[in-house]
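Colleague: I am new to this structure and would like to know what stands behind each term used for it. Could you take me through them?

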Amino acid sequence: MAEYIVGIDLGGTSAKLALFDRQLDKVGRWQVATNAKNGGQAIIPDLIASIQSELQEHKLASSDLIGIGMGTPGSIDRQAGSVQGAFNLGWAKAQDIRGAFQEVFPGVKVALENDANVAALGEHAKGAGKDYRHLLLVTLGTGIGGGLIVNDQLLVGAGNAGEIGHIQANPEGFLCTCGNRGCIETIASATGFRQTALARAKQEESPESSFKSFVQAHPDRIDAELIFEKARAKDAFAQAVVEECLTYLGRCLSQIANSVHPQCILLGGGVAQAGNYLIQGLKPAFEAGLYPGIKGSVEIKIASLGNDAGMIGAASLIQNDLKE
Ligand SMILES: [Zn+2]
């Protein structure tokens, strides 16, 4: 009987892969560079070759494989097993991912999901979200992604539920990649912290500090990590930037909580490395925004699986399928 599942977290620079047993315990893990040249035509063949060599290493055959689950950027057609509009992979037009895998691994199940959603599934299966039936994972990286689990099931709605990064938090704010202004990802992602700091450094009314002068002199050296470091060291300007960004984020998360009432909101991605400092910073606006009926019943925690969440969640797409 086939016993193994491959979980893939496909990103613009590399793909993280792992081989799991039916209980989603990891048997092996490896990484493949993503070759986005020539319309990304080498990406799937590279993944296939690496899976074949991993199977060989464990003395396994294709027939030992139950399925391949993959988290990917872009717009996913779950029914067709295809992805399109993943521009960082070179995949502008629809790519038949399921067909390509099944050509080499006949009879293997292939499931695709977007990258934020697989991270949510991973945290729900094995991470900080495993004790909750209703969970929101927010990834604070270059942008902001979201994955929503309701009744232990991923919520996809008509296809793209959970794209919380584009909730408009400030109509007068920065221009977003989506064309709107002031989406929460223009404020509270790593990019958002940086551009808020750069904008506030140009304003006379923002607090004066040594860090403010540094931002004015070296705008190219500013990132979210440095802003948090200075805020922690009680630099008044950095504290004001962090407070502004986290007030928007806290308010935004409270509005999501008011509409879907998760038991827990998990924060992941690079910005979440700020840990408890991040949580404490957004809590005042978050608590203030909750309506009385749910106050005190939504926890906020830091995600626990880091970069592993995606491949575990991708594999869980196949595991969940087995339960049905
Ligand atoms: Zn947007």
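Modeller: What follows takes a few parts in turn and sets each value against its definition. This is a predicted model, in which local features need pLDDT of at least 70 and side-chain atom pairs count only at pLDDT 80 or more, while totals for chains, interfaces and linings use all residues. Residues are numbered from 1 along each chain as its sequence is written, and side-chain values use heavy atoms, with hydrogens and water left out.

Colleague: Which residues of α2 are buried, and why are they said to line one face?

Modeller: Buried means under 20% relative accessible area, exposed means over 50%, and partly exposed lies in between, with a 1.4 Å probe and protein chains only. The buried residues of α2 are I43, I44, L47, I48, S50, I51, E54 and L55. Seen down the axis, these buried residues fall within an arc of 165 degrees (taken from the directions from the helix axis to the C-beta atoms), so they line one face of the helix. On the other side of α2, Q56 and E57 are exposed.

Colleague: What do the buried residues of α2 pack against?

Modeller: With contact meaning heavy atoms within 4.5 Å, they pack against β1 (4-10), β2 (14-20), β3 (26-33), α1 (37-40), β4 (65-72) and α3 (97-104). After α2 comes K59, whose phi is positive, near 55 degrees.

Colleague: What makes α4 a mostly covered helix?

Modeller: Of the twelve residues of α4, nine are buried, namely A116, N117, V118, A119, A120, L121, G122, E123 and H124. Helix α4 (residues 115-126) reaches 17 Å from its first C-alpha to its last, close to the 16 Å expected at 1.5 Å a residue. At its start, a side-chain oxygen of N114 reaches to within 2.9 Å of the backbone nitrogen of A116.

Colleague: How do you know that β9 pairs with β10 and with β12?

Modeller: Two strands pair if DSSP finds at least two bridges between them. Strand β9 (residues 135-140) is joined to β10 (residues 144-150) by six bridges, with the two running antiparallel, and to β12 (residues 264-268) by five bridges in the parallel sense, so both meet the requirement of at least two. T139 has G145 as its bridge partner in β10 and G268 as its bridge partner in β12. A hairpin of three residues joins β9 to β10, and five of the six residues of β9 are buried.

Colleague: Why are β5 and β7 called edge strands?

Modeller: The open sheet of three strands has the order β5-β6-β7, with antiparallel pairing, and β5 (75-77) and β7 (95-96) each pair on one side only. Strand β6 (residues 82-84) pairs with β7 over two bridges, and S82 stands opposite D96 in β7.

Colleague: Why is K212 called buried, and what does its side chain reach?

Modeller: K212, which has its place in helix α7 (residues 210-217), has a relative accessible area of 1%, and is therefore buried. A polar contact is a pair of N or O atoms within 3.5 Å; within protein, one must be able to donate a hydrogen and the other to accept it, and residues adjacent in sequence count only if both atoms are side-chain atoms. A polar atom of the K212 side chain lies 2.8 Å from the backbone oxygen of Q203, and a polar contact of 2.7 Å joins the side chains of K212 and S206.

Colleague: How do you know that C245 is in no disulfide?

Modeller: A disulfide is a pair of cysteine sulfur atoms within 2.5 Å, and a search of the whole structure finds zero. For C245, the nearest cysteine sulfur, that of C252, is 13 Å away. C245 has a relative accessible area of 0%, and is therefore buried, whereas C178, at 42%, is partly exposed.

Terms used
Helix = DSSP H or I, 4+ residues; strand = E, 2+ residues; numbered from the N terminus. Expected span 1.5 Å × (residues − 1).
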